[in-house]
Each structure stands twice: as C-alpha cells, then as structure tokens.
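Let us take a friendly walk through this structure together. Have the sequence and the 3D view at hand, and follow along from one stop to the next.

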Amino acid sequence: MSPDDWPAVERIYQEGIDTGNATFETRTPTWEAFDAGKLAAHRFVTVDDTTGAVLGWVAASATSARPAYAGVVEHSVYVAAAAQGHGVGQALLGAFLDSVDAAGIWTAQSSIFPENEASLALHDRAGFRRIGTRERIARSEAGPYAGVWRDTVLIERRSPTDPS
C-alpha cells in the first residue's frame, strides 16, 4: 500500500464505516494518521488486473509498545462492496498472514461485530479461532447503529512458528 493507493483505500474504508458493521470509527483518518498508525511492512492492497482499481486492503497496528507484545498485531481487512464474494478478502488475508509469519509475529488478532458474518467466516477459513464475545464493549456513535451498545467477537491466529 502506497500513498497513491490512499484515495481508493479511503473510499473502501468509508464504505465499511457506512455499513455500521465494520468498525466503531465514524470517519476515515487522513493518510498521515493512517500511515503513522499502521505497520508499513504488513499492509497490502489487491488491484484489479484489468482496470487497476484497488479492490480491498489489509493493514495492522501493534497492539502495544511494550516489548513483551512485539509479536502481537491487530489487523483489519476491507473489501470494496462491488468486489465482495470474489476471493479478494481471502487473497488479502493470505498475503497478510504470510507477511506476519515471515516477520516472526506470533499473534494476529481482531475484533469483529457478530453481524459481520462474512468477515467471521473469512477468518474461520484462515485458521483464526474465536476467543470469545466482548458484550456491550462500546457504543456506536454514528450510522445505522448510532447510540447502540455493540458486541464484538475477539479472534486470533497463532503463527505456525509460534514460539511458545
């Protein structure tokens, strides 16, 4: 993912925000904020071979600055509405997992709304396990769920080279 990809990445991110089932965020960040908060080595886009259009993206953040958690990241996968159901999410998640495994990251995790069944199924197929449901973890501030307390499903995948 490069700064040139940002307009398309931001559009796809906004599509996810608008659904109310992708994130608690209410608006997309600036490129500078996104860039500063995401690990450069583990963010990717999928591009349509014919049109060159960005179809989806994946990125991760460190979960903590503490050295003990250096091998734990929290990730997000977003696929353009028009590209959903065509393997884009699987390709993105596969590239991301290859990347974090090669870097010695031992845990990739995320929190997913239970209503986001497609994302949960994608992660199930990629070997993630459901740790549990965090009930009424936060309240949505905008969109179709404004004012509603939401649950999230905490998922994780341990690297095949897990050091434990």
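Where is the place of Glu-135? Glu-135 sits in strand S5. Please keep in mind from the start that this is a predicted model. With a relative accessibility of 65%, Glu-135 counts as exposed, because the cut-off for that word is over 50%. If we leave aside neighbours within four places in sequence, Glu-135 is in contact with Arg-150 and Asp-151. Glu-135 and Asp-151 are 16 residues apart along the chain, and their C-alpha atoms are separated by 4.5 Å.

Now follow the contact from Glu-135 over to Arg-150. Which ring faces does Arg-150 lie over? One is the face of Phe-113, with Arg-150 at 3.9 Å from the ring centre. Another is the face of Tyr-145, where the distance to the ring centre is 3.7 Å.

Next comes strand S6, which covers residues 149-158 and holds Glu-156. Is Glu-156 buried or exposed? Its relative accessible area is 13%, and because buried means under 20%, Glu-156 is buried. The side chains of Glu-156 and Arg-129 are joined by a polar contact of 2.6 Å. Beyond its neighbours within four places in sequence, Glu-156 is in contact with Thr-107, Ala-108, Gln-109, Gly-127, Phe-128, Arg-129 and Ile-131.

Six strands form an open sheet, in the order S1-S2-S3-S4-S6-S5, and the pairing is mixed. The edges are strand S1 (44-47) and strand S5 (129-139), each of which pairs on one side only. Direction ignored, neighbouring strands of this sheet are turned by 25 degrees against each other on average. As background, strands of a sheet pair through backbone hydrogen bonds, either parallel or antiparallel.

S1 and strand S2 (residues 54-62) run antiparallel and are joined by four bridges. You can trace some of the facing residues yourself: Phe-44 has Val-58 as its bridge partner in S2, Val-45 stands opposite Trp-57, and Thr-46 stands opposite Gly-56. Together S1 and S2 form a hairpin with six residues between them. In the turn, Gly-52 has a positive phi of about 80 degrees.

How many of the residues of S2 are buried? The count is seven of its nine residues, and the strand is mostly covered. S2 also pairs with S3, in the antiparallel sense and over seven bridges. Here Trp-57 turns up again, with Tyr-78 as its bridge partner in S3. Across S1, S2 and strand S3 (72-79) lies helix H1 (residues 6-19), running at about 80 degrees to S2.

Our last stop is the aromatic rings. The model has eight aromatic pairs. In one of them, the rings of Phe-34 and Trp-57 have their centres 5.4 Å apart and their planes at 80 degrees. Why is this pair edge-to-face? Planes over 60 degrees apart count as edge-to-face, and the angle here is 80 degrees, so the pair gets that name. Phe-34 lies in helix H2 (residues 31-37) and Trp-57 in strand S2, so the pair ties together parts that are 23 residues apart in sequence.

Both partners are covered. Phe-34 is buried, with a relative accessible area of 3%, and Trp-57 counts as buried at 1% relative accessibility. Ring pairs also link these two residues into a cluster with Trp-6, Tyr-13, Trp-31 and Tyr-78.

How values were computed. Residues are numbered from 1 along each chain as its sequence is written. This is a predicted model: local features need pLDDT of at least 70, side-chain atom pairs count only at pLDDT 80 or more; totals for chains, interfaces and linings use all residues. Side-chain values use heavy atoms; hydrogens and water are left out. Helices (H or I, at least four residues) and strands (E, at least two) are DSSP runs, numbered from the N terminus. Buried means under 20% relative accessible area, exposed over 50%, partly exposed in between (1.4 Å probe, protein chains only). A polar contact is a pair of N or O atoms within 3.5 Å; within protein, one must be able to donate a hydrogen and the other to accept it, and residues adjacent in sequence count only if both atoms are side-chain atoms. Contact means heavy atoms within 4.5 Å. Two strands pair if DSSP finds at least two bridges between them. Axes are lines fitted to C-alpha atoms, for helices over the stretch in contact, and angles run from 0 to 180 degrees between N-to-C directions. Rings of Phe, Tyr and Trp (its six-membered ring) pair if their centres lie within 6.5 Å; planes under 30 degrees apart count as stacked, over 60 as edge-to-face and the rest as tilted. A charge sits over a ring if NZ of Lys or CZ of Arg is within 6 Å of the ring centre and within 35 degrees of the ring normal.
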